[in-house]
Each structure stands twice: as structure tokens, then as C-alpha cells.
Amino acid sequence: MFEPNVSRVLGMLKEDDMVLDIGGWASPFNRANYVLDAGPYESRGYYAKVGLPASQGGDREFFTRDTWIQRDICDRAPYPFRDKQFDFVICSHTLEDLRDPLWVCSEIIR
């Protein structure tokens with residue numbers, strides 16, 4: 001995510017907001033309570049291996065191994081969350097790589 005936008009998003013979030021990062025594997029948004037990605041939790045922060053930011057959105061990871069959901073985000077099965085569970089959804093550096101962006105956007109809206 002463009003760095004000025006990181007600060008802007010963090011400034012908009014309330015302390016108790018629930019945040020989902022879709023496709024955050026390579027550089028997860030640390031303020032996210034949940035991450036949904038095909039990559040495993042153990043390999044998060046891939047971008048650090050190529051000299052880019054390992055993560056964004058603060059120094060503390062709000063997500064955990066238990067809230068890192070590994071799955072194909074385009075498999076056309078509803079995501080394992082309740083409707084309106086999240087106050088904010090991050091999907092940076094992901095939509096351009098999806099084979100079904102309309103499906104993913106419909107789940108983001110849900």
C-alpha cells in the first residue's frame with residue numbers, strides 16, 4: 001500500500017474496529033485482526049526477502065496464527081465470516097492478480 005495511505009487508514013480506524021486483510025501474505029497489514037490468503041502464516045512477509053516492507057500498518061501484529069485463514073480467495077465459497085463482521089477491509093496489491101475480482105469484491109461488501 002502507498003505509505004501515505006497506510007497512515008490515513010490507521011488514522012480512520014477506531015481501537016475496537018475489526019479489520020480484515022485479504023491477500024496480505026507478502027506484506028500483511030498488521031492492524032488487521034484477520035488475514036485471508038492462500039499463503040501460510042509461517043511464510044508471511046515475503047516482500048522482506050526482496051527488500052520491500054515485510055508488513056504495514058504499525059509494528060504490532062493484531063492477527064495471530066488462529067486468525068490467519070489460509071485458502072484460495074477466489075474459490076467462490078463464502079468466506080468464513082459473518083455478514084458485516086468487519087468494519088474495514090484491506091485488499092492492497094491483490095485485486096490485480098485475481099482470476100475472479102468480482103467475486104472477491106462481493107465478499108468484501110458482504
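Strand β1 (residues 19-22) is joined to β4 by three bridges, and the two run parallel. Strands here are DSSP runs of E with at least two residues, helices are runs of H or I with at least four, and both are numbered from the N terminus. Two strands count as paired if DSSP finds at least two bridges between them. Please keep in mind that this is a predicted model, in which local features need pLDDT of at least 70 and side-chain atom pairs count only at pLDDT 80 or more, while totals for chains, interfaces and linings use all residues. Residues are numbered from 1 along each chain as its sequence is written, and side-chain values use heavy atoms, with hydrogens and water left out.

**The sheet**

- Four strands make up an open sheet in the order β3-β2-β1-β4, with parallel pairing.
- The edges are taken by β3 (68-70) and β4 (88-90), each of which pairs on one side only.
- From one strand to the next, the twist averages 20°; axes for such angles are lines fitted to C-alpha atoms, for helices over the stretch in contact, and the angles run from 0 to 180 degrees between N-to-C directions.

**Side chains of β1**

- In a regular strand, side chains alternate between the two faces of the sheet.
- Val19 and Asp21 point one way from β1, Leu20 and Ile22 point the other way, and all are buried.
- Buried means under 20% relative accessible area, exposed means over 50%, and partly exposed is in between, using a 1.4 Å probe and protein chains only.

**The largest pocket**

- Rolling a probe the size of a water molecule over the atoms shows where empty space is left.
- The largest pocket has a volume of about 240 Å³.
- A pocket is an open set of points on a 1 Å grid over the protein atoms alone, with protein on both sides within 12 Å along at least five of seven lines; a cavity is a set of points where a 1.4 Å probe fits but cannot get out, and lining residues have an atom within 4 Å of a point.
- Grid points are joined across faces, edges and corners, and the volume is the space filled by probe spheres set on the points.
- The lining of the largest pocket consists of 14 residues, with Gly23, Asp37, Ile73, Thr94 and Asp97 lying nearest its centre.
- By type, the lining residues divide into seven nonpolar, three polar and four charged, where Ala, Val, Leu, Ile, Met, Phe, Trp, Tyr, Cys and Pro count as nonpolar, Asp, Glu, Lys and Arg as charged, and the others, Gly among them, as polar.

**Cysteines**

- The structure holds zero disulfides, a disulfide being a pair of cysteine sulfur atoms within 2.5 Å.
- Cysteine 74 is in no disulfide, and the nearest cysteine sulfur, that of cysteine 91, is 9.3 Å away.
- The sulfur of cysteine 91 has its closest cysteine sulfur in cysteine 105, at 7.0 Å, which is too far for a bond.
- Cysteine 74 counts as buried because its relative accessibility is 6%, and cysteine 91 counts as buried at 18%.

- Arginine 76 lies in the loop between β3 and β4 and has a positive phi of about 65° although it is not a glycine.
- With 52% relative accessibility, arginine 76 counts as exposed.
- Lysine 84 has its place in the loop between β3 and β4, and its phi is positive at about 60° although it is not a glycine.
- Lysine 84 counts as exposed, at 65% relative accessibility.

- Methionine 1 is in the segment before α1 (3-12) and is partly exposed, with a relative accessible area of 24%.
- C-alpha to C-alpha, methionine 1 and phenylalanine 29 are 9.0 Å apart in space and 28 residues apart in sequence.
- Serine 7 is found in helix α1, and its 48% relative accessibility makes serine 7 count as partly exposed.
- Serine 7 and proline 40 are 33 residues apart in sequence and 27 Å apart in space, C-alpha to C-alpha.
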